[in-house]
Amino acid sequence: MTAAPTPMMAQYLALKAEAGDCLLFYRMGDFFELFFDDAKAASACLDIALTARGEHLGAPVPMCGVPVHAAEGYLARLIKAGHRVAIAEQTESPEAARRARGSKALVDRAIVRVVTAGTLTEEALLDARSSNWCCAIGAAAGGVAVAAADISTGRFEIIETTEAALAAELARLNPAETLAAEDGPFAHHATTLRPRAAFDSAGGEARLKSLFAVATLEAFGDFSRAALSAAGALVDYLVYTGKSGRNPLERPQIHRSEDTMAIDAATRDSLELTQAQGGGRRGSLLDAVDRCVTGAGARLLAADLAAPLMDAGAIGERLDLLQLFADDAGGRAALRDTLRQAPDIGRALGRLVAGRGTPRDLGQLRDGLGAAWALAERLARIAPAPALLARLVPALQGHGALIDTLSRALVPAPPVDAGQGGYIAEGYDPALDDLRAAGAGGRRAIAALEARYRAETGISALKIRHNAVLGYHVEVPARHGDTLMREGSGFTHRQTMAGAVRFNAPDLHEAALKVTQAGAHALAAEAAHLEELTALALDRRAAIAATADALARLDVAAGLAERAAEGGWTRPRLADTPVFEVTGGRHPVVEAALARAGDRFVANDCALGTGARLWLVTGPNMGGKSTFLRQNALIAVLAQAGSFVPAESARLGLVDRLFSRVGAADNLARGRSTFMVEMVETAAILAQATPASFVILDEVGRGTSTYDGLAIAWAVVEAIHDDIGCRCLFATHYHELTRLAERCEALALHHVRAREWKGDLVLLHEVAPGPADRSYGIAVARLAGLPPATLARAKAVLARLEAGRAKTGGLAAGLDDLPLFATAAPAEPARDALRDALAALDLDALTPRAALDTLYALKGLAGEAG
């Protein structure tokens, strides 16, 4: 017969059932212990010893553990490895358990928090210069929305989007954790699947009202059913992981995809906006631009670059503030010096709101708000002030009473650990000062007792020590133990060890009691003050968050002004027409890399407009075509993010969608070759680009046969020119495409210049009008180090091919009489969207909720058909 589990194991199993698929950190004294499969997974991930403790169902119980004081470091490694961790803490002391339920009582424990990648607040677990988004995808009534929260700062956004634009929004946010319904259409985007019931829009509305303690959400904006679905699921998850019942979020801010430049995931990867393709920031646009001196500023700059604005007025306000700091080097330096000393009050506030705050977080609020106040006094003297600055300055002020209270209450450098006390300043609370004095007096009395005992016993090695088990006690070397054990010595034996003997004494007990009581009362008084001060800070939560945002925006503007001064960047001018006119444009990342190597970047002009909105760029490999394409796309991003740009001058109309198909790699995990990836990305461009878009395309069609590749490239150029009509830079090695200039009035030919000098290829990296005279492919091969015999053979084959082309007209033979794209393209047969949708339904797989959502979608299709 199987023995029943011990009380401790029964408690553990109940908590593990609650934790589900999370690893369970089970608090036992000074360690978090893990058992069974959790122990096996953690020991393998953390490279710690796997042991056993007792038996369960007749088998040894695998176990491993980590010390509580070092738990954050182990948590960081587990989270990075993709685990989620439930923390089961002791909710009462062993003494309280024994008093309540007897000497062998088991200490109560409860899961106080679930730690996941998207719900981190600890400094040690977060990157100070990166946001940490947790997102939920909701869909209802034919709409799609994303709810995003960074609980390290409390920021809460809801983005109304579409299914087609969803991937681009997720790529912009780059969430640490993404939630979706476990049986829903967006499960492939998720890192964490949640029950479908959590995504119910009616339940979501109720959760939001409860969270913010309001009767209606009207004051927050207009929520669609999809937005309520996403927000409700996110709140449900934060309640599940937080366990505290606190609201970690600020009021939601509602955005729409059309408010910012649309940039899909492939384009972000290609342009390396915030992350280099090899991973990490180094080599990205963000790395090349970031001169922020605060973590909050760096996070805001990354958000700006990830979501360039579509509002010309808002862009202009950012540029005006940047211009102010660019024109005043001294004022900019003073501002940056002040910001450099300011703590990250946004994240300090986030920890306090989440119930994980420390005395140091309150000290950071005091110092950060004080720095903001000093900045406000300096900036308020600027006249006339740019509009954005005029709005930011009031947000820096208004915290005088809180700053004063925190300054009086806290020591200059409060500790992280509140358990040891010592963070309330002397003079703030006279009663606390008296308790500390009593404790200090008791400790002086104990020191006097130690001297008296030495004199009375003649034992110079006698010491009074303290530990958590015995409290204060007398300790002597073992050879002197008999002296204190004699009857009438006044000492009571407590413990014998290998080299020492420990004793108690009545007068020591009395003095120790005074010290202990005074210390306990002092700790309790400090804890009460900590709670009061935290409550004072949380009462001004919204105002402090606004101050944190204002400091970050000032840091971004001053940092961009610093970067502009370093690189000779210029203020872009916005136009009402779809133009793109750049003089002396440069690639900021490549230019910085060349500067480190002691080389100079060759700047180039670009002028796209009504008369020449599509440039066909030819020239040799390594000539700079891809760099030229990318640098102009990056200039568009920087300009609409509100930054100066690396150019002598720049004038551009707003870009609503940016597409980059420059370079591709196999996606073996999804069964896609390089050419398939290229075609998927090109198809997305042709389907989504508008006349206001900006497209850069490099070597379309290179991954297949020559004829197929040329045909595809030819058709793509015609489609962009004739159907879409957007600004486009198209780089190619198909020189036959230059014939399109004869029939496409808005297509202009350009090339990157190169020359051969004494048998060597000289790449000039200059973009000039007209087509390239030849491809220089064999010359590039020589640069790459191909063997001479191979090069000689290639030249012979090339001569034969060129002779044949002269006779037959080459690859483009027969294209002269090709009708225009619009008239040549056969009409697709008419599709019945409603019939297609009905045919695609798997009725047996539909849940009741999914059936309702499907009905809404079908009704929408029927309306469109009508």
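**View 1. Strand β10 (residues 177-181) and β11 run parallel and are joined by three bridges.** Welcome to a predicted model, where local features need pLDDT of at least 70 and side-chain atom pairs count only at pLDDT 80 or more, while totals for chains, interfaces and linings use all residues. Residues are numbered from 1 along each chain as its sequence is written, and side-chain values use heavy atoms, with hydrogens and water left out. Helices (H or I, at least four residues) and strands (E, at least two) are DSSP runs numbered from the N terminus, and two strands pair if DSSP finds at least two bridges between them. Look for Leu179, which sits opposite Thr192 of β11.

**View 2. Six strands make an open sheet with mixed pairing, in the order β11-β10-β7-β8-β9-β12.** The edges belong to β11 (192-194) and β12 (253-256); each has a single partner strand, so one side of each lacks a neighbour in the sheet. From one strand to the next, the twist averages 25°; axes here are lines fitted to C-alpha atoms, for helices over the stretch in contact, and angles run from 0 to 180 degrees between N-to-C directions.

**View 3. Helices α5 and α7 lie across strands of the six-stranded sheet.** Helix α5 (residues 163-173) lies across β7 (134-140), β8 (143-150), β9 (155-161) and β10, at about 155° to β9. Helix α7 (residues 225-242) lies across β7, β8, β9, β10 and β11, and runs at about 140° to β7. Contact means heavy atoms within 4.5 Å.

View 4. Five bridges connect β14 with strand β15 (residues 471-477), and the two run antiparallel. For a handy landmark, find Asn467, whose bridge partner in β15 is Gly471.

**View 5. The largest nonpolar core has 96 residues.** Such a core is a set of buried Ala, Val, Leu, Ile, Met, Phe, Trp, Tyr and Cys residues joined through side-chain atoms within 4.5 Å. Buried means under 20% relative accessible area, exposed over 50%, and partly exposed in between (1.4 Å probe, protein chains only). The residues with the most contacts inside this core are Leu365, Leu396, Phe580, Trp615, Leu658, Phe694 and Leu729. Helix α20 (residues 541-567) supplies the largest share, 12 residues. Leaving aside neighbours within four places in sequence, the contacts of Trp615 include Phe628, Leu729, Ala748, His750 and Val767. A second, separate core has 45 residues, among them Tyr26, Phe199, Leu217 and Leu249.

**View 6. Ala418 has its place in the loop between α16 (400-409) and α17 (430-457).** With a relative accessible area of 26%, Ala418 is partly exposed. Not counting residues up to four places away in sequence, Ala418 touches Pro359, Tyr423 and Leu530. Val289 is 129 residues from Ala418 in sequence and 39 Å from Ala418 in space, C-alpha to C-alpha.

**View 7. Arg101 forms salt bridges with Glu92 and Asp108.** A salt bridge is a side-chain nitrogen of Lys or Arg within 4 Å of a carboxyl oxygen of Asp or Glu, and the count by this rule comes to 41. The closest N and O atoms are 2.3 Å apart for Glu92 and Arg101, and 3.8 Å apart for Arg101 and Asp108. Glu92 counts as buried at 17% relative accessibility, whereas Arg101 is partly exposed at 41% and Asp108 partly exposed at 35%. Elsewhere, Glu123, Arg351, Arg360 and Asp361 are linked in a network of salt bridges.

**View 8. Over residues 665-671 the pLDDT is below 50.** The mean pLDDT (the predictor's confidence in each residue, from 0 to 100) of the protein chain is 88, and 91% of its residues reach 70 or more. Where pLDDT is low, the predicted coordinates should not be read in detail.
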